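Here is a short report on one protein model. Keep the structure in view as you read.

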Amino acid sequence: MKLMRVGEAGSEKPALLDADGKIRDLSGHVADIGGEAITPTGLAKIAAIDSKSLPEIAPGRIGACVAGTGKFICIGLNYSDHAAETGATVPPEPIIFMKATSAIAGPNDNVVIPRGSEKTDWEVELGVVIGKTAKYVTDAEALDYVAGYCVSNDVSERAFQTERAGQWTKGKSCDTFGPIGPWLVTKDEIPEPQNLGMWLTVNGQKMQNGSSKTMVYGVAFLVSYLSQFMSLHPGDVISTGTPPGVGMGLKPPRYLKNGDVVELGIEGLGTQKQTFVADR
């Protein structure tokens, strides 16, 4: 299934995209796409609904594909070719940092370049949405705890991230720096998350063209690894790292400015399009 949330910010309706590409209203069956609705039991109930019996919703703003996210966890330098372009070595364990949940935005919402920013950058990433509470799970069982996958743009302000004292979080957590969606694609539609083509363009120019097969630490490992340190709950999102082609890695580096348009997508998970606007 392709689950989504449609409507103005703060007033989104839960919906699904049917086989004919029509948006169907799920609000008569679930309160939102999150929490109980994306547990194995909740997803089974949604799957049992005849989608043609649901009211059709006219296309409009698409919100973040999951509601009620408690943790937005990101993995750094998780693609061997991206680590190489930044001059970094592949880490012996996953680099974990948090992106504030207040950064979450719809997939096509404007992204605001924060005041003082000089190095706002792009990162197409595979997002993993947790579907049931995971604690101390093994690699072998880890995917049982995944509800599905989504496109994530881990927008980053590199000067805030790496040139100022402290950790990466402040360069990753600015408002609108976490577009996710358009859909939460349930895991049954993505049987091999480690072989998905992914791409990103800036003003129509291809900047990233990679594949999840070059991830250093795969989805199952990451879910298991994170669960050794913290419980993962339904609606939590893991953004799993980016392939090469980010602005920081170019020679000379290139960063986003007011009016730039970024488009990105992942095979089977849909596309995003954002206009970057300066915060006045």
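Asp121 is buried, with a relative accessible area of 0%. Buried means under 20% relative accessible area, exposed over 50%, and partly exposed in between (1.4 Å probe, protein chains only). Salt bridges that share partners join Asp121 with Lys99, Glu123, Asp154, Arg158 and Lys172 in one network. A salt bridge is a side-chain nitrogen of Lys or Arg within 4 Å of a carboxyl oxygen of Asp or Glu. Helices (H or I, at least four residues) and strands (E, at least two) are DSSP runs, numbered from the N terminus. Arg158 is buried too, with a relative accessible area of 2%.

The model is predicted: local features need pLDDT of at least 70, side-chain atom pairs count only at pLDDT 80 or more, and totals for chains, interfaces and linings use all residues. Residues are numbered from 1 along each chain as its sequence is written, and side-chain values use heavy atoms, with hydrogens and water left out.

## Salt bridges at Glu12

By the salt-bridge rule, the count comes to 17. Which residue forms a salt bridge with Glu12 at 3.4 Å? Arg5 does, and that distance is between the closest N and O atoms. Arg5 is buried, with a relative accessible area of 8%. Glu12 is also buried, at 16%.

Glu12 meets Arg61 in a salt bridge as well (3.0 Å, N to O). Arg61 sits in the loop between β4 and β5, and Glu12 in the loop between β1 and β2. The two are 49 residues apart. Side chains of opposite charge can pair when their charged atoms come close.

## The open sheet

How many strands form the open sheet? There are 10, in the order β4-β3-β2-β1-β14-β11-β10-β17-β5-β6, and the pairing is mixed. Two strands pair if DSSP finds at least two bridges between them. β4 (56-57) and β6 (95-98) stand at the edges, each with a single partner strand, so one side of each has no neighbour in the sheet.

Helix α6 packs on the sheet and touches β5, β6, β10, β11 and β17 (237-239). Its direction makes about 55° with that of β10. Axes are lines fitted to C-alpha atoms, for helices over the stretch in contact, and angles run from 0 to 180 degrees between N-to-C directions. Elsewhere in the sheet, β1 and β2 (residues 13-17) run antiparallel, joined by five bridges. Met4 stands opposite Ala15 in β2.

## Strand β15 and its partners

β15 (residues 197-202) pairs with β16 (residues 205-211) in the antiparallel sense, over six bridges. Thr201 stands opposite Lys206 in β16. The two strands form a hairpin with two residues between them. In the turn, Asn203 has a positive phi of about 50°.

β15 also pairs with β18 (residues 261-266), again antiparallel, over five bridges. Here Trp199 has Gly265 as its bridge partner.

## Nonpolar cores

The largest nonpolar core has 51 residues. Such a core is a set of buried Ala, Val, Leu, Ile, Met, Phe, Trp, Tyr and Cys residues joined through side-chain atoms within 4.5 Å. Among the residues with the most contacts inside it are Tyr149, Leu200 and Ile266. Elements giving two or more residues to this core include β15, α6 (219-227) and β18. Apart from it lies another core, of 24 residues, among them Val30 and Phe72.

Note on methods. Contact = heavy atoms within 4.5 Å.
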